[in-house]
Amino acid sequence: MSTKNLLIYGYFHLAYSLLKRALMRYQRTLKEEIFVEGVGLHTGTQAVMKLKPAPGDTGIVFHIKGKDVAINATAKAVCDTAFATTLGVDGTRVKTVEHLLAALAGLGIDNLFIEIDGPEVPILDGSSKRFVDSIIGAGITSQSCRRPHLKIVKPFFFSDADAEIAAMPGDGMRITYRIFYPHRLLGFQEMTFEFDEDLFVKEIAPARTFGFLKDVQRLRAKGLAKGGSLENAIILNDTGVVNSSGLRFKDEFLRHKLLDFIGDLSLAGSPMEGHITASRTGHTSNLKFVNALLAAADCWRMVCGPESDSPRLDNPRLDNQGLDGRAGNLKYA
Ligand SMILES: [Zn+2]
């Protein structure tokens with residue numbers, strides 16, 4: 001690339017990132033409603049889900065068909081974290097919300113009504129990809145309310161059994177995620193994700209959930225994984241991957257654990273600003289961390305950004321065409 005082209009490319013990147021930063025300062029919802037249909041991973045129940053635009057400061061709210069309750073997607077509503085994140089109010093529950101919540105967090109959707117005619121969010125292909133594709137297809141609109149951020153202002157450390165999570169002050173949002181599984185395809189892996197919508201769409205959202213063949217019977221005996229299949233989960237045996245289609249990424253497992261973490265973290269109720277390092281976590285430790293952090297009020301404060309921020313820009317429409325080189329924000333140990 002010539003020096004002139006490099007300069008143009010650099011200016012384009014700068015303008016693009018400034019525009020996106022400006023857009024991220026205002027709340028967002030969908031431009032129009034969308035439908036998503038599919039089977040639930042654990043219940044095996046078919047469900048149709050409608051995602052509808054919601055006014056500013058509504059948050060993410062689930063409504064189960066035939067039940068007169070609103071379930072706000074916040075840590076307070078979490079009622080079960082075994083093998084999936086379940087929200088509930090007064091006995092009305094919605095299961096396996098994490099991949100949908102990760103898609104909403106990854107695309108910066110703040111306000112949404114989610115109507116569902118079953119007990120579980122469809123698992124689709126086991127990742128966030130189809131949620132992301134549907135949302136991008138419908139379009140995303142900027143709203144007049146500013147988006148608050150939970151800014152980490154003091155180091156916060158959390159541990160629970162093997163899981164360790166640290167939240168440190170820092171500009172932007174960065175998550176370093178680590179896994180360790182005693183399996184030849186997994187072992188110790190680490191990656192750092194600097195929050196970026198394009199990067200989320202291309203590199204994190206398509207990573208599918210996974211499980212071990214030896215655990216499948218155990219899960220079924222517990223009444224779980226009834227809707228699980230090779231179409232919606234990667235299954236590992238002792239030596240490799242059972243799915244004939246193979247992996248979407250060499251480190252798809254690590255990316256999916258990061259995706260789960262992003263979904264669970266969104267239950268804090270606001271995007272975070274800071275640097276988070278998480279090791280060997282699951283839904284239970286993710287939610288314990290969120291609750292512990294929220295209780296440690298001296299470690300964070302809510303900010304809306306300086307008043308001198310750029311003016312609101314209407315109707316941002318994201319597409320699925322990332323910029324070359326943006327994967328440079330994805331760092332490996
Ligand atoms: Zn998952």
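User: Are α2 and α6 roughly parallel or roughly perpendicular to each other?

Analyst: In this predicted model, α2 and α6 are roughly perpendicular to each other. To read such a pair, look at the crossing angle: 65 to 115 degrees counts as roughly perpendicular. Here the axes of α2 (residues 98-106) and α6 (residues 252-265) cross at roughly 80° and come within 7 Å.

User: Which residues make that contact?

Analyst: On the α2 side, look for Glu98, His99, Leu101, Ala102, Ala105 and Gly106. From α6 come Leu259, Asp260, Ile262, Gly263 and Asp264. Sorted by class, the contact has 5 nonpolar, 3 polar and 3 charged residues.

User: At what angle do α6 and α7 pack?

Analyst: Helix α7 covers residues 283-295, and α6 packs with it at an angle of about 35°, the axes being 9 Å apart. The crossing is right-handed. Asp260, Phe261, Asp264 and Leu265 of α6 meet His283, Asn286, Leu287 and Val290 of α7. This contact has 4 nonpolar, 2 polar and 2 charged residues.

User: Now for the sheet. In what order do its strands lie?

Analyst: The general idea is that strands of a sheet pair through backbone hydrogen bonds, either parallel or antiparallel. In this case, 3 strands form an open sheet, ordered β6-β7-β8, with antiparallel pairing. β6 (78-80) and β8 (92-94) are the edge strands, each pairing on one side only. On average, neighbouring strands are turned by 45° against each other, direction ignored.

User: How many bridges join β7 to β8?

Analyst: Strand β7 (residues 86-89) is joined to β8 by 3 bridges.

Technical notes:
Residues numbered from 1 in each chain as written. Predicted model: local features only at pLDDT ≥ 70, side-chain atom pairs only at ≥ 80, totals over all residues. Pairing = 2+ DSSP bridges. Helix = DSSP H or I, 4+ residues; strand = E, 2+ residues; numbered from the N terminus. Axes fitted to C-alpha atoms, helices over the stretch in contact; angles between N-to-C directions. Parallel < 35°, antiparallel > 145°, perpendicular 65-115°, else oblique. Contact = placed C-beta atoms within 7 Å. Nonpolar A, V, L, I, M, F, W, Y, C, P; charged D, E, K, R; others polar. Left-handed = near helix turned anticlockwise from the far one by under 90°.
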